[in-house]
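Please work through the exercises below with the sequence and the 3D structure open beside you. Each task is followed by a solution that goes step by step.

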Amino acid sequence: MSCFALCGLALELPSGSQPTASPFKANASGLPTARFTATPVSGSVPLQVSFDASGSAGAAAYSWTFGDGATASGVKVSHTYTSAGTFAVSLNVKSVTGAQASASGVITGTNAPPPYQDVVVINQSGLSVTVTPLDFQKGNWNYRVTWTRGPGLSGSLVINGVTYCNQADGTWSVNTGYTLKPASTVKVDYYAVLAGTLKLTASQTFAALPAPVNQGPLPAYTLNWASPEVKISNQNGVSQLLLNGRKVTPVFLGLNAAFVAGGAAPDWSAFDYQLSQAAKYGVPIVQVNLDALSTEYYPDFTDMFFQHMQKYPTAYVIWRINMDELYDVSDPIKAMSLTNGTIADNRQELRDLSSAYLAQRRQTLRTLLTNLNRRYPGKVLGVHINSLVEWFMSPCFTNGSPVSCNTSQPNQIPYFAAYGDDVQTSFCSWLYQKTGSQSCILPTPVERSSTSYGNVFHDVSQKDAEFRAVQFARFLAERTANAVNTLAKEIKDVTQGKAMTSAFYGYTYELTNFNIVVGSGHWGFSTILNSPYLDALVAPHSYVYGRQPGTPMFPHGPMDSPGLYGKLWITEDDTRTVLCIPENNCDAFTASPNTLGTTQQILRRNALTAAMRPGNGLYFFDLPGTGWFGLSNDTPDSDGIWTTIGQSINQVKSIVSGGAGSYSPEIAIFSDDASLAALPMYSDPTTNGVGGNQFTTFQKSILTDAAYQFALIGTPVRHYLLSDLLSDNFPTDKIKLAVLLNAYRIPSNVRQTIRTKLQTASKTLLFQYADGLMADNDVPSPSQIADVTGLPVQRGQGASNLSVQLNYAGLSGTYGNPGFSVNPWFYVDTTGTSGIQTLGTYQSGNAVAFAKKDFGSYSVFYNGAPGLPGAALRAIAQAAGVHLFTAGVGDVVEAFGNTLMVVAASGGTKTITLPAAAKVVQDTGASQIPICSSSCTQFQVTLNTGDVGLFYVTPQ
């Protein structure tokens with residue numbers, strides 16, 4: 001929970017929001033409360049802002065400071081900011097008895113864009129064209145054109161596709177018939193012809209100045225929120241869920257209420273039975289999913305829900321609302337197919353994160369919270385907001401429902417994206433604020449998928465289209481993150497900061513598996529982590545990995561990042577159980593367990609994995625609403641599943657962090673969602689791009705596959721975002737091996753942090769492929785790889801299949817070789833540089849692909865070809881001084897505090913080595929078995945394939 005919610009501070013809204021300061025109450029009866037609104041909170045200077053504190057209570061005097069040295073007093077005041085910057089505004093109020101309260105907010109002033117200038121194009125042939133926009137204030141885009149040709153030249157002028165030929169020299173006005181909306185664009189082509197031969201072609205794009213995005217203010221609104229105050233408290237490096245100051249284990253049940261097809265009457269039998277099991281086994285929190293059909297066909301759905309909740313009257317509820325399905329589209333939405341670039345209007349299926357959408361959704365949240373507060377007082381913990389299929393773009397939609405792509409169907413949009421006026425306006429405004437650029441034409445799908453730096457990256461130094469493609473990808477991510485933040489803030493405002501907010505976000509790993517991560521808007525994770533309005537991030541465990549016994553619970557993204565920011569990462573456990581096999585909708589997960597025993601193994605593994613990661617939680621989710629976690633007509637299996645859930649929750653409560661001998665993981669794996677903007681959205685072989693499936697395979701080998709292989713080397717790892725290094729809470733002292741997976745873009749501040757936090761104190765760093773290729777300006781250069789690694793990395797000539805001959809730690813064989821040529825590729829130039837150990841060479845040309853160098857206090861490995869085998873990763877960890885609990889590659893280890901978990905990839909006797917002498921007890925769920933009653937550094941245990949061995953370790 002942020003200080004925003006706890007200390008009575010009103011912080012800045014996400015970009016694009018229409019803000020008002022949030023209301024706050026005093027902590028004790030009789031004290032005044034401070035509250036104010038500011039209109040507007042951002043804009044070009046000089047910026048006049050009106051402040052209104054009439055919403056304060058019990059105040060007799062009002063004092064203002066505006067953050068630029070100016071002050072004022074009074075209930076309503078106005079202030080003009082004359083310089084650009086971010087200004088902290090504070091209001092202090094006093095009662096007649098002298099009691100005080102305060103509130104604060106942020107005002108942002110920006111420099112105004114430059115005015116339009118005439119455009120003059122002069123060429124060697126003597127052609128001169130001056131184009132002056134007329135009637136701009138009226139919204140028309142007309143021209144006065146001055147046309148001068150050199151001797152012997154005839155010429156043509158083309159404006160928006162209309163050709164004006166054989167015009168005499170002189171000046172005339174042209175009415176294009178085009179209405180220019182703010183931030184839209186017009187293209188003007190000029191060309192001259194000499195003797196029938198094209199002599200000159202030039203183009204100029206005119207863009208209207210970006211207009212600010214106005215979401216439309218909603219009147220201030222608060223409830224007398226009757227439910228507990230939810231806080232996320234960080235203690236001993238672990239984020240904890242507190243309800244009115246009482247710790248609650250964040251392991252709960254998620255149910256899909258009234259999951260029906262075609263408007264049939266809701267079937268509550270599975271809901272009711274699973275709810276009764278939650279009550280029996282002491283699961284204190286129930287999340288309930290609200291489906292669109294529930295409100296469309298049954299307006300009294302909430303009344304029905306509360307009637308069923310009476311079966312568990314002491315349960316707390318988190319309300320999960322699918323906000324896209326509730327959006328009433330009043331205007332046609334323009335969508336562009338990302339696969340073929342065609343525009344389709346009136347797409348009712350597509351939900352755009354426009355200002356109108358956010359204003360409507362904010363009102364929906366107010367209505368929902370009012371109803372919940374009235375019907376279920378004291379028991380609503382918060383709201384989980386969900387939109388656009390977990391806030392990213394689904395491959396296809398048919399009539400509002402996600403389906404498998406079938407491009408022959410006229411009512412489907414394959415890989416769609418919003419390309420309407422609101423997107424154009426927002427992008428132009430965003431681009432100007434970020435870069436000062438007015439070249440804000442929306443990049444086409446072809447431009448977003450093309451490459452010019454070999455066949456892997458965009459190269460912004462080459463052409464404007466590449467720059468816009470990279471920036472548009474960043475814009476989509478920030479647009480999505482800001483939408484999440486805006487709605488989360490609304491929940492906080494309405495509930496006086498008491499309700500918990502959560503949202504699906506942070507799928508850096510998983511979306512790479514489906515080649516939609518760049519176009520998804522799903523990698524503004526740093527913005528989300530720094531939000532003062534969002535308490536928890538949610539994601540399922542991987543659909544590609546870990547759905548079978550004996551494997552790790554692999555995350556969708558950097559699951560250890562939220563704990564650094566006082567937030568929770570909550571895993572959605574949608575494991576398909578044996579109970580739903582007869583159901584048709586169970587075919588979604590082909591790799592799911594199919595026996596009660598394997599289901600129990602995976603449920604236990606998931607709950608314990610989440611518990612041993614600081615800031616993590618988990619909920620068991622009946623995704624289709626058909627009884628994945630219990631059916632009344634199959635009680636033997638239901639009892640077996642709930643016995644496992646109950647035992648797992650009790651085991652979770654026994655995990656203790658801190659204290660003597662407490663263990664912390666020593667490997668940090670960093671992924672970087674910001675680097676993904678440099679990649680083409682889809683591969684396009686016609687523009688020298690790698691083929692679609694090939695490109696996905698290549699990116700998986702760098703990011704997801706590499707991270708997964710580390711989970712199998714016999715020691716725990718932690719998953720972070722690259723920007724987490726900038727956090728003061730990052731556990732630098734615990735890390736011995738830092739692995740940078742896809743850090744193609746490392747800005748200067750992160751480079752410096754790598755030097756101060758990682759390239760010191762006997763640490764080891766593993767860089768791979770193109771880490772550091774780009775810096776602040778996004779221009780790729782191998783010298784920037786050399787700068788961050790300290791090794792003389794060069795770009796190879798042409799393309800390479802990246803097949804490498806390994807020669808390290810007694811290991812041999814080949815790795816890499818993705819099956820297609822990659823350009824650019826990189827090697828370590830050992831010429832004239834001493835101290836570099838060659839560990840692997842490219843099979844083609846023998847250039848050094850895999851190398852190590854010791855730099856005194858730290859060591860660096862560089863691997864130019866992704867795909868290092870697990871045995872090599874294990875050897876790197878061992879060289880870094882990381883403690884390895886098991887012998888060899890395969891078994892999964894999680895360790896934290898006083899607890900060790902081993903997931904057996906294969907059956908047999910396992911030898912486990914401890915980092916220090918200790919006493920060990922095995923927790924089987926039903927009993928605790930002494931393993932080492934006296935001091936030992938190693939012990940053996942027999943496990944079957946998929947078994948989850950849990951051990952409590954007491955240091956000696």
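A residue is called buried under 20% relative accessible area, exposed over 50% and partly exposed in between, with a 1.4 Å probe and protein chains only. The model is predicted, so that local features need pLDDT of at least 70 and side-chain atom pairs count only at pLDDT 80 or more, while totals for chains, interfaces and linings use all residues. Residues are numbered from 1 along each chain as its sequence is written, and side-chain values use heavy atoms, with hydrogens and water left out.

**Exercise 1.** Decide whether Thr575 is buried or exposed, and find the side chains that it joins in polar contacts.

Begin with the position: Thr575 lies in the loop between strand E31 (568-573) and helix H11 (596-611), where helices (H or I, at least four residues) and strands (E, at least two) are DSSP runs numbered from the N terminus. Next, because its relative accessibility is 3%, Thr575 counts as buried. Finally, look for polar contacts, which are pairs of N or O atoms within 3.5 Å; within protein, one must be able to donate a hydrogen and the other to accept it, and residues adjacent in sequence count only if both atoms are side-chain atoms. The side chain of Thr575 has such a contact with that of Asp573 at 2.4 Å, and another with that of His541 at 3.5 Å.

**Exercise 2.** Describe how helix H15 and helix H16 are arranged.

For H15 (residues 748-758) and H16 (residues 782-789), the axes come within 10 Å and cross at roughly 30 degrees. H15 is therefore roughly parallel to H16, a term for angles under 35 degrees. In the contact (heavy atoms within 4.5 Å), Arg751, Ile754 and Arg755 of H15 meet Gln784, Asp787 and Val788 of H16.

Conventions
Axes are lines fitted to C-alpha atoms, for helices over the stretch in contact, and angles run from 0 to 180 degrees between N-to-C directions. Angles under 35 degrees count as roughly parallel, over 145 as roughly antiparallel, 65 to 115 as roughly perpendicular and the rest as oblique.
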